[in-house]
Amino acid sequence: MTAPAIELRHVSKRFGSVIALNDVSMTVNAGEVHCLLGDNGAGKSTLIKILSGVHRPSAGEILVEGRRVDFRSPRDAAEAGVATVFQDLGLIPLMSIARNFFLGREPVRGVFPFRRFDKDHANAVARQALIDVGIQVRDPTQAVGTLSGGERQSVAIARAIHFGAKVLILDEPTSALGVHQAAMVLKFVIEARLRGLAVILITHNINHAYPVADRFTLLNRGTSKGTFSKAAISRDEVVRIMSGGEDMAAVEREIADLLARVR
Amino acid sequence: MPEMVRKSLDAPDERVARTGWLTRLMRRPEAGVLVGLVATFVIFALLPGAKSLYSLQGAMTFLTLAAELGILAAAVALLIIAGEFDLSIGSMIGFAGIVIGLLVTRLGWPLWAAIGTAFMVALVVGYLNGLITVKTRLPSFIVTLASLFILRGLSIGITRAVTGRTQIPYILDNPPDPWTAALFNGHVLTGFFRWMGEMGWIAVKGDGTPFVPGIPMSIVWWIAVTSAAAWVLSQTRFGNWIYAAGGDPVVARNVGVPVARVKITLFIVTACAATLLATIQVMEAGSADTVRGTLKEFEAIIAAVIGGVLLTGGYGTVLGAAFGALIFGLVQMGIFYTGIDTDWFKVFLGLVILLAVLVNNYARARALGERSAS
């Protein structure tokens, strides 16, 4: 059996006296969509920030394709093939699609001191990469700010795929999108999976998570409650966990009591 | 800036109507200032005094004014696009001038060494401005406001302590290297202008030499600095990083753009632009003055903003800033030649700034395809 695309072993993260993550282990295989579930404060953000090199774990280790890695920056993670599309998408609205696509990795031509950004190449490649994931971009020199939310999301995903990501982490990719655009983004998630990427998906929307996910990992108050394959967990159960599980049932009872007293 | 020319790789998307060249032109950040520049030219052409203003001599005068401001505006535009301000450049002009003046008159240094030292000082000042801004994450507005006072105070304090006065005259009296001065205060194309004078095409003095001996070096420097800055911004990787640093520093840093390095470098560039201007002024006047350059920092910011550079960063062009400087020079001389009370210049300036910012906001919305940027 080949090593998982990415693996966390007993990872903990403390911020001062706050334990944000406690002894979390999980594995994500290539060609799998892995959905990360949990209420606010469960540690999802901390976990993806560790995976993407924003934070370093206080304890435990991360393995990419079986090799131990130590990410000191998002750049380190990207170079190891772990690409994260945060909610800001890593795109700058006032800059063109092509300039955004190659930001920090600009192709250059010519010799110093006349070395310049190869814009023709950048435009052509950005355009092709977008066509490859299935979106027809009008003009790679147009500003990213002119694109719709779904289009921006897909530019960010296409960029991650183009630059050789093996693990793609998507933080709430559909939260700000309408039905049609969310469907478009989920199509790219499946596209990425078919290309053999490991996809880690964070979302609050069961209608988005359940159809595309292969496995689910549940986080609660900084600890992992285990990983389940889709076969092992029903949609209703996922909904119950996502909406806060027992806590939510307790809240509902309290509200019912309150309403009864008001009447 | 991205060229708004459609690359004809395959059939255009049917969802968008083809944009005409006029629409594409109007979407460029310089569009507003270009309209403003043409309007300014036309207005002064209709006013009395237009003949003198648009004579060769008049043109050289306003072009020289524009050049001196334009050298600063090119550097300042880059820095504003990268999301920072440098309010210390006016004081840097005075400070660089007295560095040159004191080294030449007190220590007998050749001009090239004194000028070279002034640029080294600028490098240190720019580096410190940048480093403090980047490390403390304070607004550069405040950090460089402090440098504004420190540098001006140092200029006056040092000069008075050493010479007992606030001006340093006779800098060009006996320099061992007068050719260095010619690099900054000379003229180019002098042969061509003499020939035009002989042909009777341009006005000549009694001795047959033309009133305008050639194109002043300040204009040559302006063109050189503007071209270099424009090329870096629009054609290089570093230029992409400048836009990114001002557009969204957090995103830029996360994708690996060395935002701190970009900003520090540009603070050095603005300090060096101020020193270049100081050198030109000292070489032309033959003297240095501790109050020289006062308020130039604001004029440079105004020129950049009139030129379509967004004050919040991330958007604008160097060419726009050059047009902004041109409007500035034209209006200043135009008001002088038309005999309008020059007191009104500031009123006009205030109104132009307001108008420019409004136009910029509109242009930004246009660049984003009239969608509200979220």
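Is A:Y210 buried or exposed? I looked up its relative accessibility, which is 15%, so A:Y210 counts as buried. The cut-off for buried is under 20%. I note that the model is predicted.

I counted aromatic pairs over all chains and got 14. I then checked where the two residues lie. A:F102 is in the loop between α3 (97–101) and β7 (108–109) of chain A, and A:F163 is in the loop between α5 (149–162) and β9 (167–171) of chain A, so the pair ties together parts that are 61 residues apart in sequence.

I also looked up burial for this pair. A:F102 has 4% relative accessibility and counts as buried, whereas A:F163 has 24% and counts as partly exposed.

Back to A:Y210. I find A:Y210 paired with A:F216, with 5.7 Å from centre to centre and 20° between the planes, and I list the pair as stacked. A:F216 is buried, at a relative accessible area of 0%.

Entry on charges over rings. I found A:R105 over the face of A:F163, 4.0 Å from the ring centre. For A:Y210, I found the charged end of A:K230 over the ring, at 5.3 Å from its centre.

Entry on chain B. Here I noted a cluster linked by ring pairs, made up of B:F192, B:F193, B:W195 and B:W201.

Definitions and conventions:
Residues are numbered from 1 along each chain as its sequence is written. Chains are lettered from A and ligands numbered from 1 in the order in which they are written. This is a predicted model: local features need pLDDT of at least 70, side-chain atom pairs count only at pLDDT 80 or more; totals for chains, interfaces and linings use all residues. Side-chain values use heavy atoms; hydrogens and water are left out. Rings of Phe, Tyr and Trp (its six-membered ring) pair if their centres lie within 6.5 Å; planes under 30 degrees apart count as stacked, over 60 as edge-to-face and the rest as tilted. Helices (H or I, at least four residues) and strands (E, at least two) are DSSP runs, numbered from the N terminus. Buried means under 20% relative accessible area, exposed over 50%, partly exposed in between (1.4 Å probe, protein chains only). A charge sits over a ring if NZ of Lys or CZ of Arg is within 6 Å of the ring centre and within 35 degrees of the ring normal.
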